[in-house]
Amino acid sequence: MTFRAISEDDPGPKFAGIFEEYWPSYRKWWTREGMSARPTYLESRRAIRQYMPEIADLWAELCELTGGGDAQARFLSYYCPPPYLSGCSQAIWPGDAPLMVRNYDYAPAAFDAVVMKTRWQGRGVIGMTDGRFGLVDGINDAGLSVSLSFGGRRAVGEGFGVPLILRYVLQTCTTVAEASEALTRIPCHMSYNVTLLDSARNFVTAYLAPDREPVLTHAAVATNHQERVEWSSHARFTATVERERFLLQQLTLHPTTHEKFISAFLRPPLYSTAFGAGFGTLYTAAYRPREGLLELRWPHRQWTKSFRNFAEDSVTVVFPQDSAASASPRS
């Protein structure tokens with residue numbers, strides 16, 4: 001897999017070009033149950049305007065940039081998307097400096113593999129894209145960092161795909177307090193754990209769900225369940241409890257340097273090799289809010305991006321051979 005770094009301050013040809021490249025695959029996923037199973041354009045526009053009015057014009061601009069089609073606009077709204085699952089572990093380092101580290105466990109075949117730096121609407125954002133408009137993790141120029149992990153519940157309801165919620169948070173918020181307020185009022189279509197960290201080292205993990213009220217916690221660790229395990233087979237398969245216990249031990253029993261803390265994510269039980277099942281660790285990300293910096297890591301490899309230094313380059317990572325045939329969590 002080749003990870004690409006792309007910088008484009010305003011929506012333009014780079015965004016449009018990559019969208020066109022990925023659109024056939026995303027359209028197939030989006031319409032797998034038929035277009036009638038997805039909200040209409042008017043329903044999508046109404047939801048964006050109601051819950052994310054600050055980025056409604058940005059959404060409309062991106063829709064026009066990608067051709068102005070009905071299907072593209074509905075997809076870019078990320079409103080009531082098809083269900084999808086991921087693995088993931090994330091934690092806040094217990095040291096003095098703010099540092100959030102996460103593993104993203106997912107299927108290579110269903111992954112953008114694009115780190116994008118933008119300055120849409122005047123707000124600097126760097127993050128790993130999903131569906132081009134959304135993000136699975138990221139940081140903004142105010143030092144707010146955010147990351148998601150699946151919450152381990154089957155419930156599906158009316159709401160936005162969480163990657164667009166993360167984009168909204170980074171576009172409109174500067175502190176954990178502001179972001180927490182946003183997460184409590186925007187409906188999420190599935191259960192996700194969203195960890196927030198700002199430059200003052202304030203942090204929150206929000207448990208989002210489509211069928212109950214959001215819960216804001218001071219948990220420094222999030223894996224793939226919320227306050228308790230509710231989907232036992234998924235929990236066993238992803239080892240969510242074991243990963244949570246390991247991280248809690250890292251936080252409480254074994255004080256360590258930030259470098260050793262990051263390195264722990266590159267080894268079992270946090271690092272997953274379940275690529276054939278669609279839950280292998282695609283990358284480890286370390287976010288440093290005060291430096292405006294993102295470090296992407298793999299065993300024996302590191303790739304660093306920041307607001308001050310963001311080269312448009314690429315890095316190729318080799319995963320186990322069966323990863324190319326893995327079953328997509330989007331399928």
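**View 1. Strand S8 and its partner strands.** In strand S8, Leu197 is the bridge partner of Ser145, and strand S7 (residues 145-150) pairs with S8 in the antiparallel sense over six bridges; strands are DSSP E runs of at least two residues, numbered from the N terminus, and two of them pair if DSSP finds at least two bridges between them. This is a predicted model in which local features need pLDDT of at least 70 and side-chain atom pairs count only at pLDDT 80 or more, while totals for chains, interfaces and linings use all residues. Residues are numbered from 1 along each chain as its sequence is written, and side-chain values use heavy atoms, with hydrogens and water left out. S8 is also joined by six bridges to strand S9 (residues 203-208), the two running antiparallel, and here the partner of Leu197 is Phe203.

**View 2. The two faces of S8.** In a regular strand the side chains alternate between the two faces of the sheet. Tyr192, Val194 and Leu196 on one side of S8, and Asn193, Thr195 and Leu197 on the other, are all buried, meaning under 20% relative accessible area with a 1.4 Å probe and protein chains only. Because six of the six residues of S8 (residues 192-197) are buried, the strand is largely enclosed by the rest of the structure.

**View 3. The hairpin of S8 and S9.** Five residues lie between the strands of this hairpin, in which Arg201 takes a positive phi near 65°.

**View 4. Surroundings of Phe3.** Leaving aside neighbours within four places in sequence, Phe3 is in contact with residues including Phe111, Met128, Tyr283, Trp298 and Phe319, where contact means heavy atoms within 4.5 Å.

Notes:
Buried means under 20% relative accessible area, exposed over 50%, partly exposed in between (1.4 Å probe, protein chains only). Helices (H or I, at least four residues) and strands (E, at least two) are DSSP runs, numbered from the N terminus.
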